Amino acid sequence: MYILGINAYHADAAAVLLCDGELVAALEEERFRRIKHWAGFPTLAIRRCLDIAGISGDAIDHVAVGRDPKANLMRKGLFTLRKRPALAHVLNRVRNARTIRGMSPLLCEALGVRPDAVPRVHHVEHHPAHLASAFFVSPFDSAAVAAIDAFGDFVSTSIASGEGNHIEVLQRTLFPHSLGVLYTAVTQYLGFTGFGDEFKVMGLAPYGKPRYVDQLRELVRLRNGGGFELALEHFVHWNSGVVMEWEDGYPALDPIFSPALEDLLGPARAAGAPLTTREEDIAHSLQVVYEECAFHVLNDLWERTRNENLCLAGGCAMNSVANGKIRANTPFRHVYIQPAAGDSGTALGAACHVWHETLGRPRSFVMEHAYWGTEYPTVSAETAGDLHVVDDDEWEYTTTSYRDEAELCRETARLIAAGEVVGWFQGRMEWGARALGNRSILADPRRADIRDMINLKIKFREKFRPFAPSVLEERLHDYFVEAAPDPFMQQVYPVRADKRAMLPAITHVDGSGRLQTVSAATNRRYYRLIREFEALTGVGVVLNTSFNENEPIVDTPKQALECFLRTHMDVIVINDTIVRRQSARQTAVLAV
Ligand SMILES: [Fe+2]
């Protein structure tokens, strides 16, 4: 039985395919539209799901949508009566609900079926979809489950208990109170106005001091029983019609903080204005206050469930700094956060919800790796599209193909150890926001200069943002303190004090690193590459950043090659082929 899960008309549109409860494919639409966080209907992702499974649209038995506009209607009505939000806000929500419920023609088109042959469509409320995405693919038979985000279907936080194929919701926090809104409002105040910019504030936070913690605590009050309330006068999302639009698919959110926040903290930073210690201190303080709130919610969940296993989802579950502190600040011992913990994950959760909760089927699948996307196994650098890698006045290219994987990995490791920046394109694309060794740019973590070079020449992004390490799973404790294995790069842990000087390129300013553990079981070729790097250097870690240049992560070999050619990357490895770029001038000198 095939179940198609989708997240549509919401940021991070996505499609997921289950076959008899086993995951077949999971893809984010942004990779195909080439617009970050693309937020329309995921037609292309749906078609890729069908292609990967080798089926046609009429084979789909159920479609699960990770939104239910009919959910919590009574609550919405009461809120509208009590708080009287602006008419524009109400109309926008009504329009959005109509769009979600009227998606049938686009679904028929994506599936290639006639309107009378459209599969049964299930609307799964946003938060139950998040909870399902966290628990049903986890390795736990039984777990505490939490979803924390901005909002979806009028809910911002839900805690639950998962047992077998059922999730029991224990408590919910409703609109307008939301930890996601708290983080987003201060992110906007700090001048990071792009959708999804919260991770920039998380990267900035370690540079600052907690000087604004007292002020930021005024924005949110913790309540008994794991609850919290925003001090609404500092926000406008609840009363003045904040609208989320998606021009050409890119979601944009109006400001959600009110002038009262500027009264509290001073004038907001304009986007693009220089960053000062004030912004660093506010970012740091926000992270502190967010963590206090998140651990308040999670400790209450522990009290209710007394279960050592925790599954986490929702946009706030992408806060890898807070995630890495869960075991130190709560009694939870085992934490599972699947790679698409944000809203794309509701496509997965909706499908799992239908399989387990609606159809009552037992659990049989565990998501142990993130490689559920497209793959191009027969393409080499020479055949990657219309592009030809030809020498010019400035650059000279050498292309070598390897039949033997060990040799390919050995040579790539040698190039990384020699200080080259390597685009590494292999196997199936990652599900979720992070590149995990199949669409990655790799470099030597021992070189202090590599970070600035990648930031300035390839990624063209803010200098303060850190780069992440991929570490051999068996070497985890050689390099990190109190860390847990995480193949999805969802948790930040301290780098061991005696290793920080050795790993300057992946050690953040506060001595931490957002690590990915790599094992032969989850990614054999990437594991082999890091083993070869260790054999050469004695270090079982490489720097891993996503293969892109201010765009969604590359999907195809052609996009990877284009990215390689327009940036200052030194090497690209596409499947079994290595292409090196060297300065023609330098080569000429060497020849003389
Ligand atoms: Fe969400």
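A residue counts as buried at under 20% relative accessible area, as exposed at over 50%, and as partly exposed in between, with a 1.4 Å probe and protein chains only. By this rule His126 is buried, and so is Asp343. The model is predicted: local features need pLDDT of at least 70, side-chain atom pairs count only at pLDDT 80 or more, and totals for chains, interfaces and linings use all residues. Residues are numbered from 1 along each chain as its sequence is written, and side-chain values use heavy atoms, with hydrogens and water left out.

Start at the metal. Donors are N, O and S atoms within 2.8 Å of the metal (3.2 Å for Na, K and Ca); water is not among the atoms, so sites may look incomplete. The iron ion is held by NE2 of His126, NE2 of His130, OD of Asp149 and OD of Asp343, at 2.1 to 2.3 Å. The sequence spacing of these donor residues reads H-x3-H-x18-D-x193-D. His126 and Asp343 link distant parts of the chain, 217 residues apart. His126 sits in helix H6 (residues 126-135). Asp343 sits in the loop between strand S14 (334-336) and helix H14 (345-358). Helices (H or I, at least four residues) and strands (E, at least two) are DSSP runs, numbered from the N terminus.

Why is the arrangement around the iron ion irregular? The four donor atoms subtend angles of 86 to 170°, which makes it so. Four donors count as tetrahedral if all angles lie between 85 and 135 degrees; four count as square planar and six as octahedral if opposite donors are over 155 degrees apart and all others between 65 and 115; anything else is irregular.

Next, the cysteines. A disulfide is a pair of cysteine sulfur atoms within 2.5 Å. The whole structure has zero disulfides. For Cys311, the nearest cysteine sulfur is that of Cys352, 12 Å away. That is too far for a bond. Cys311 is buried, with a relative accessible area of 0%. Cys352 is buried too, at 4%.

Now follow the backbone. Asp12 has a positive phi, near 60°, and is not a glycine. This residue lies in the loop between strand S1 (2-7) and strand S2 (14-19). Asn550, also not a glycine, has a positive phi of about 50°. Its loop runs between strand S21 (541-546) and helix H19 (557-566). A cis peptide bond joins Phe175 and Pro176, with omega about 10°. Pro176 lies in the loop between strand S8 (166-174) and helix H7 (179-189).

How many of its eleven residues are buried? The count is eleven of eleven. Among them are Leu179, Val181, Tyr183 and Tyr189. At the start of H7, a side-chain oxygen of Ser178 comes within 3.2 Å of the backbone nitrogen of Gly180. After H7 comes Gly191, with a positive phi near 90°.

Last, a pocket. On a 1 Å grid over the protein atoms alone, a pocket is an open set of points with protein on both sides within 12 Å along at least five of seven lines; lining residues have an atom within 4 Å of a point. The second largest pocket holds about 420 Å³ of space. Its lining has 20 residues, with Pro139, Val335, Tyr336, Pro485 and Pro487 nearest the centre. S14 and strand S19 (491-494) each give two or more residues to this lining. S14 gives the most, with three.

Definitions and conventions: A polar contact is a pair of N or O atoms within 3.5 Å; within protein, one must be able to donate a hydrogen and the other to accept it, and residues adjacent in sequence count only if both atoms are side-chain atoms. On a 1 Å grid over the protein atoms alone, a cavity is a set of points where a 1.4 Å probe fits but cannot get out, and a pocket is an open set with protein on both sides within 12 Å along at least five of seven lines; lining residues have an atom within 4 Å of a point. Grid points are joined across faces, edges and corners, and a volume is the space filled by probe spheres set on the points.
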